[in-house]
Amino acid sequence: MQEARVIPLRDARRSRQAGPVRHAAGRSNAQVLVEPTPLRPQLDRSTVEAVRHGLADALDFARRRITGDYPVDEFGFDPELTDRVLLPALRLVYERWFRVEVSGADNLPLDGGALLVSNHSGTLPLDAMMTAVAVHDSHPGHRHLRMLGADLVFATPLLGSLARRTGQTLACNPDAERLLRAGELVGVWPEGFKGIGKPFRDRYKLQRFGRGGFVGAAVRSGVPIVPCSIVGAEEIYPKIADLRPLARLLGLPYFPITPFFPLLGPLGAIPLPSKWHIEFGEPIRTDTYDPQAIEDDPMMVFNLTDQVRETIQQTLYRMLASRGGVFTG
């Protein structure tokens, strides 16, 4: 019997390097191993161009911010900062957290002045900011909502400056009329702190609309009033109590206690993700009224104020009756 022959490992390696052994029929006794070629990421040309343009745009924006080469109006409104910084941040909350649905956007005027009047709620004025996003994103001309804010907003460090930059101004008739006559879309929340700070048990019950100052501004400017009704904001911070001594110490209209704040600290300040609905109602004309009659006929102002308030209240009731769950809509 022939003895088995041991082939050294070196010889086996050498034989592999020398190539496969050919049989008489010309077939190989070994498979050819193909080294895989490393994959190199291929970037689409359009993607590269988009990144390049985006970077150039961001650098140009930063340059204009540093050098002051950007426009602001007489009220301090900076449309570029609003469109590039504030609205994208608010839009994430608007679309992903509150999942806002808008109806009646065709009732917003395409151009010219108009006064948007809305209910106010939620403990913090997030409803005003969400309304500004709704107006901008739902309007075909992407109009900015010039909101009228309380004195406290502009007396607060940093917040007052940011409010001016993003188009807000003091809630007074002279400023409101100047904006309306300039063709701006102006937003007002007549309930003020009475509405935004009301307890949870009074949700969706409109408070008094002040003395009707917003009606006088609209009539004197001859612009329509657009009622706006918001459902969903009442549930973001359910206010169950008010620490009035602490509020007076801090110079605040109220210090809210909710089921989660201040018990959970900063986590309690996160708003609950309720489902929001914003409806813009049919405009109420004011150009049929005599502006001079405002001073002589207070009942005319009262009746028109009551008409706007009742329109919003009845719309809220209808929206509440048709919505599903608080968080599902």
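Begin by selecting Asp83, Leu87, Leu90, Arg91, Val93 and Tyr94 in α3, which meet Met129, Met130, Val133, Ala134, His136, Asp137 and Ser138 in α4, where contact means heavy atoms within 4.5 Å and helices are DSSP runs (H or I, at least four residues) numbered from the N terminus. The residues of this contact divide into eight nonpolar, two polar and three charged, with Ala, Val, Leu, Ile, Met, Phe, Trp, Tyr, Cys and Pro taken as nonpolar, Asp, Glu, Lys and Arg as charged, and the others, Gly among them, as polar.

The model is predicted, so local features need pLDDT of at least 70 and side-chain atom pairs 80 or more, while totals for chains, interfaces and linings use all residues. Residues are numbered from 1 along each chain as its sequence is written, and side-chain values use heavy atoms, without hydrogens and water.

Next, show phenylalanine 98 and tryptophan 276, an aromatic pair that is stacked, with 4.5 Å centre to centre and 20° between the planes; rings of Phe, Tyr and Trp (its six-membered ring) pair if their centres lie within 6.5 Å, and planes under 30 degrees apart count as stacked, over 60 as edge-to-face and the rest as tilted. Phenylalanine 98 lies in the loop between α3 and β1, and tryptophan 276 in the loop between β8 and β9, 178 residues apart. Both phenylalanine 98 and tryptophan 276 are buried, that is, under 20% relative accessible area, with exposed over 50% and partly exposed in between (1.4 Å probe, protein chains only).

Finally, select phenylalanine 255 and phenylalanine 261, a tilted pair at 6.0 Å and 40°. Phenylalanine 255 is buried at 15%, whereas phenylalanine 261 is partly exposed at 24%.

Technical notes: Helices (H or I, at least four residues) and strands (E, at least two) are DSSP runs, numbered from the N terminus.
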